[in-house]
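Take a look at the model below.

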Amino acid sequence: MKRKANVDKSLCVACGCCVKVCPRAAISVPYGINAVIDETLCVGCGKCVKECPASVISLEEVDNES
């Protein structure tokens with residue numbers, strides 16, 4: 001099982017802190033609405049989870065069969 005970041009979009013304030021710390025550029029904030037994670041780029045390092053001031057990002061285990 002691999003871990004991937006997941007954003008609670010209903011609580012995200014689109015501050016962009018997670019975008020700045022992501023080593024793989026897997027996070028964006030399109031239209032300034034909320035953070036979006038590109039699961040193909042996310043490696044589950046957890047840096048965004050630690051950086052999020054609203055604590056709305058979590059790591060979840062995903063079944064990666066590819």
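What follows is a walk through cysteines, a core, cavities and loops.

First, the ground rules. This is a predicted model, in which local features need pLDDT of at least 70, side-chain atom pairs count only at pLDDT 80 or more, and totals for chains, interfaces and linings use all residues. Residues are numbered from 1 along each chain as its sequence is written, and side-chain values use heavy atoms, with hydrogens and water left out.

Start with the cysteines. How many disulfides does a search of the whole structure find? The search finds zero. A disulfide here is a pair of cysteine sulfur atoms within 2.5 Å. Take C12: the nearest cysteine sulfur is that of C18, 6.3 Å away. C12 is therefore in no disulfide. C45 is in no disulfide either; the nearest cysteine sulfur belongs to C22 and is 6.1 Å away.

Now ask how much of each residue is reached from outside. Buried means under 20% relative accessible area, exposed means over 50%, and partly exposed lies in between (1.4 Å probe, protein chains only). C12 has a relative accessible area of 16%, so C12 is buried. C45 has 39%, so C45 is partly exposed.

Next comes the core. A nonpolar core is a set of buried Ala, Val, Leu, Ile, Met, Phe, Trp, Tyr and Cys residues joined through side-chain atoms within 4.5 Å. The largest one has 14 residues. Which of them touch the most other members? They are V7, I27 and I57. Look at V7. Leave aside its neighbours within four places in sequence, and V7 is in contact (heavy atoms within 4.5 Å) with C12, A35, I37, V56 and I57.

Then look for empty space. Rolling a probe the size of a water molecule over the atoms shows where such space is left. A cavity is a set of points, on a 1 Å grid over the protein atoms alone, where a 1.4 Å probe fits but cannot get out; lining residues have an atom within 4 Å of a point. Grid points are joined across faces, edges and corners, and a volume is the space filled by probe spheres set on the points. The search of the whole structure finds two cavities of 30 Å³ or more.

The largest cavity holds about 100 Å³ of space. Its lining has 16 residues, and C22, C42, V43, C45 and C48 lie nearest its centre. To sort a lining by class, count Ala, Val, Leu, Ile, Met, Phe, Trp, Tyr, Cys and Pro as nonpolar, Asp, Glu, Lys and Arg as charged, and the others, Gly among them, as polar. The lining of the largest cavity has 12 nonpolar, two polar and two charged residues.

The second largest cavity has a volume of about 70 Å³. Its lining includes C12, A35, V56 and I57. By class, this lining has 11 nonpolar residues, one polar and no charged ones.

Now for the loops. Helices (H or I, at least four residues) and strands (E, at least two) are DSSP runs, numbered from the N terminus. N34 sits in the loop between β2 (27-28) and β3 (36-37). Is N34 buried or exposed? N34 is buried, because its relative accessible area is 13%. Beyond its neighbours within four places in sequence, N34 is in contact with K9, C12, A14, S28 and V29.

C42 lies in the loop between β3 and α2. C42 is buried too, with a relative accessible area of 10%. C42 and A26 are 16 residues apart along the chain, and their C-alpha atoms are separated by 5.4 Å. E39 is also found in the loop between β3 and α2. E39 is partly exposed, because its relative accessibility is 49%.

Finish with two backbone angles. Most residues other than glycine have a negative phi. A25 has a positive phi, near 55°. A25 lies in the loop between α1 (17-21) and β2, and is exposed at 59% relative accessible area. S55 is not a glycine, yet its phi is positive at about 55°. S55 is found in the loop between α2 (47-51) and β4 (57-62). With a relative accessible area of 61%, S55 is exposed.

Technical notes:
1 Å grid on protein atoms, 1.4 Å probe; cavity = no way out; pocket = protein on both sides within 12 Å on 5 of 7 lines; lining within 4 Å.
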